[in-house]
Amino acid sequence: MHFFRLRLVAALLVGITLISVGSTYFDVLAHKHSLRSDLARRTQWFGAGAQPQIEQQMAAGQFDGLPKLLERLRQYPDQPSMAIYNTQGSLLAAAGDILPLQTLPANFLKRPLNEGKEATAFVKAAENPRPAGATPATAGNRAQTNTTAKLWYEDAIPLHNGQETVGTLVMVADADYIRLDGMQVWRRSFLNIVALVILVVVVTLLMVRWFLLQPVTRAAEWLRRLRQGNAEVGEGAKEFGYLIPLANEVTSLAENLTRARAAAEAEARLRDAAEHVWTAHRLAVHVRERLGSGKLFVVSNREPYMHVRQGAGVECVVPPSGLVTAIEPILQACDGTWIAHGSGNEDAAFVDANDRLRVPPDEPRYTLRRVWLSAEEEAGYYEGFSNEGLWPLCHIAHTRPIFRANDWDYYQRVNAKFADVLLEEMRDTEHPVVFIQDYHFALLPQMIKKARPDARVAIFWHIPWPNAESFGICPWQAELIDGLLGADVIGFHIQSHCNNFLETVDRVLEARTDWEQFSIRRNGHLSQVRPFPISVAWDERAMDRAEYAKERDLPIGRPAIVRGMPPNEDRENTYSQLHRELGIEGKQMIVGVDRMDYTKGIVERLLAIEHLLEEHPWYLEKVVFVQIAAPSRTRIPSYAGLRVQVQETVERINRRYGTSGWKPVILIERQCSHDEVRRYYEAADICLVTSLHDGMNLVAKEYLAARTDCDGVLILSRFAGAAQELRDALLVNPYDVQQVAEAIRTGLEMSPGERRLRMERMRTQVKEHNVYRWASNVLTDLCAVRIEDEVLARSPRKPHLKLA
Ligand code: ADQ
């Protein structure tokens, strides 16, 4: 730092001095030029005044009177010395100080005498005493005897008699004041330069200290504390002040550092406790090991990053989806490729010539390949066959599936389109590992397997698989199952979905089903059918408040009053803040978070709330139910109808029971951010999940993960896959309105001890069976699939025929 300052001062000294000297030099030059012009003008003017009188006297032949005339003309001592020479160059008369005349350069008189023109010159010369009357032309050695060099201005005007030149009038003015003036300017400037240098150096050093060194020192101090684990990531930005772009980079580095440290600490804790909790980090390491030299390709309809126009700018948004949370760490760890429908309205502007981009945008770690669909394709494949056909077909929620031949056609075409893209992406990859998501791509496994038998392919079916009779409604059930059986691993959430699938295969196709191994052999290919209950991420950094109390052997009660632990103010603050924001009047809050979907049982839970208020009126003005409903598939008539029905039911209940200061139901119809949803989870006394049928239901698990205070009650439909694992929830039949209302009452009145006990057990389940474990299980099974040697030999890794 010391050396930096020295160098800065030296650079400033040299720089400012050079600039100041340069500028002074030009100032002096200009000043001298103006003084010289002024002197020349004055001398010429003086000569012009004297010339007619001298010529007149010379024409009259009165040469003796010339000295007197000159004395008369030269009235003041500071006027130039004057001399008159005849045509031979002999001095006829002189006035004033005679010495300057001796400075006349040789041949100076030639021009006026021979050419009849005026001659002028600035001459720097020593005064050389010379006998008066010596011709200037012969005074060649004048500088040798007198060393005082002075500046002179000399002007010689020809004198005429008619047309004839009869002599010359010479004027010699002392111009040395010009030289002295210049020196004076230099002297003054020198002092100015010194003062300026001192001022600039001092100001610069102060500015460097205030605006550079201090923020840098503070930031360095923050980084040091961060390295030692004594600082928060968020604190850093303010330390950087104006160095914000640098702060952003460093903050992201710091976040990585914090994450890495948290992961390491979590790993250490886990090792210490001999537990088996999966973390993103552990998953990444595990998957890298399993994949070896293989490469991972994920296919889903929904993409992990969308570029969407927001006002004047474009934002890159992450759609709220459990899938992204689960799959991203794997892809990041092995630099795989994610193939998905480019559905953002600005997506096309952010891909390269091959429709690819590297993501996450801040820290690219894997490739996203976007697939473009026309409006017709989207309507037929996504809204039509997938969501009006397969979705209600697989959910027993009494909404009739609609199957149109035209939609089926698009479904096949879009599956073939994705297959083409996938095959193109993995053309140069040996041993590709393909993980396909959901019911949008039932045909894809077979398409891939046919073209690349060496690829290991898994598909995960995120929704339930109904019983064989129900599935039989689908006119293209055989094609769908045949498509799925191209996969080596077919995953469902729970065992009963696996059972239903095997039964359906038994009924529909020629295939050998093995109920012991849960596998299906068809046309020589083996597919394993496995339950992989999906889950949510577990934030290994969040310290569980109950664990905290347990570790320190503190008395456990309502965690907010655990002795020795900072009070759980967050929850109280969130709670009262939400109350203010929503105008909630009431002591207890129940929350429901869903896509606006008929399978989620939103109307049924509203009826249960109504029933609760009817049966137990003492809850009036004490309980509020907040339903957050994200608009979903809004162009499908059954969804639009559901929305109206939900709105009408909410209005009716509020009309019936609401008072001027209290509304029993608050409906928030929008997609919220993860953080927003989390705030509701943290503040809610009860989370109500009443799906009529659900593959798993992540909301139930998100609620548990959010409750680090180990408080809160989960009411869960027994028709949701999650009910298999979360036995400590209050399990309900959502169709039984009285039962749900009773469960709500039980939840509201449950003792703190029981709440905590149930919550703790469910949290342990979710923690140990989190989404990282899910991803690891699927990929472990997939990577373990043996591909026969003759299959490998048959595999064409070269260009394939287009399927789409
Ligand atoms: P979904 O039917 O979408 O998933 P779910 O599992 O509950 O249902 O997941 C919904 C997700 O959306 C949750 O992460 C939730 O937080 C979020 N969400 C819902 N409403 C929201 C809102 N208003 N604002 C913001 N976020 C909101 C399908 C199957 C499920 C299965 C999952 C995963 O239907 O059974 O659990 O896939 O496999």
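Which residue in S9 is the bridge partner of Val299? Keep that one in mind; point 4 has the reply.

1. Ground rules. This is a predicted model, where local features need pLDDT of at least 70, side-chain atom pairs count only at pLDDT 80 or more, and totals for chains, interfaces and linings use all residues. Residues are numbered from 1 along each chain as its sequence is written, and side-chain values use heavy atoms, with hydrogens and water left out.

2. Around the ligand. There are 23 residues around the ligand, and His462, Cys672, Asp694, Leu698 and Glu702 come nearest (near means that a heavy atom of the residue lies within 4 Å). By type, the shell holds 12 nonpolar, 5 polar and 6 charged residues; here Ala, Val, Leu, Ile, Met, Phe, Trp, Tyr, Cys and Pro count as nonpolar, Asp, Glu, Lys and Arg as charged, and the others, Gly among them, as polar. At least two shell residues come from each of strand S18 (588-595), strand S19 (623-630), helix H19 (674-683) and helix H20 (698-706). Helices (H or I, at least four residues) and strands (E, at least two) are DSSP runs, numbered from the N terminus.

3. The side chain of Arg595 puts an N or O atom 2.8 Å from a ligand oxygen, and a polar side-chain atom of Lys600 sits 3.0 Å from an oxygen of the ligand. On its own the ligand has 710 Å² of accessible area, and the protein covers 91% of that (Shrake-Rupley method, 1.4 Å probe).

4. The ten-stranded sheet. This open, mixed sheet has 10 strands in the order S10-S11-S9-S6-S12-S13-S14-S17-S16-S15; strands pair if DSSP finds at least two bridges between them. Strand S10 (356-359) and strand S15 (512-514) are at the edges with a single partner strand each, so one side of each has no neighbour in the sheet. Inside it, strand S6 (residues 295-300) runs parallel to strand S9 (residues 337-341), with 4 bridges joining them. As for the opening question, Val299 has Ile339 as its bridge partner in S9.

5. The five-stranded sheet. Here 5 strands make an open antiparallel sheet, ordered S2-S1-S5-S4-S3. Neighbouring strands are turned by 20° against each other on average, direction ignored. Helix H1 (residues 2-59) packs on this sheet, touching strand S1 (81-86), S2, S3, S4 and strand S5 (164-174), with its direction at about 35° to that of S4. Helix H4 (residues 176-227) lies across S3, S4 and S5, at about 145° to S4. Contact means heavy atoms within 4.5 Å; angles run from 0 to 180 degrees between N-to-C directions, with axes fitted to C-alpha atoms, for helices over the stretch in contact.

6. Backbone spots to look at. Most residues other than glycine have a negative phi, and most peptide bonds are trans. The bond from Val359 to Pro360 is cis, with omega near -10°, and Pro360 is in the loop between S10 and strand S11 (366-371). Asp438 has a positive phi near 80°, in the loop between strand S12 (432-437) and helix H11 (444-451). In the hairpin of S7 and S8, with 2 residues between the strands, Gly311 also takes a positive phi, near 65°.

Notes:
Polar contact = N/O pair within 3.5 Å; in protein donor to acceptor, adjacent residues only side chain to side chain.
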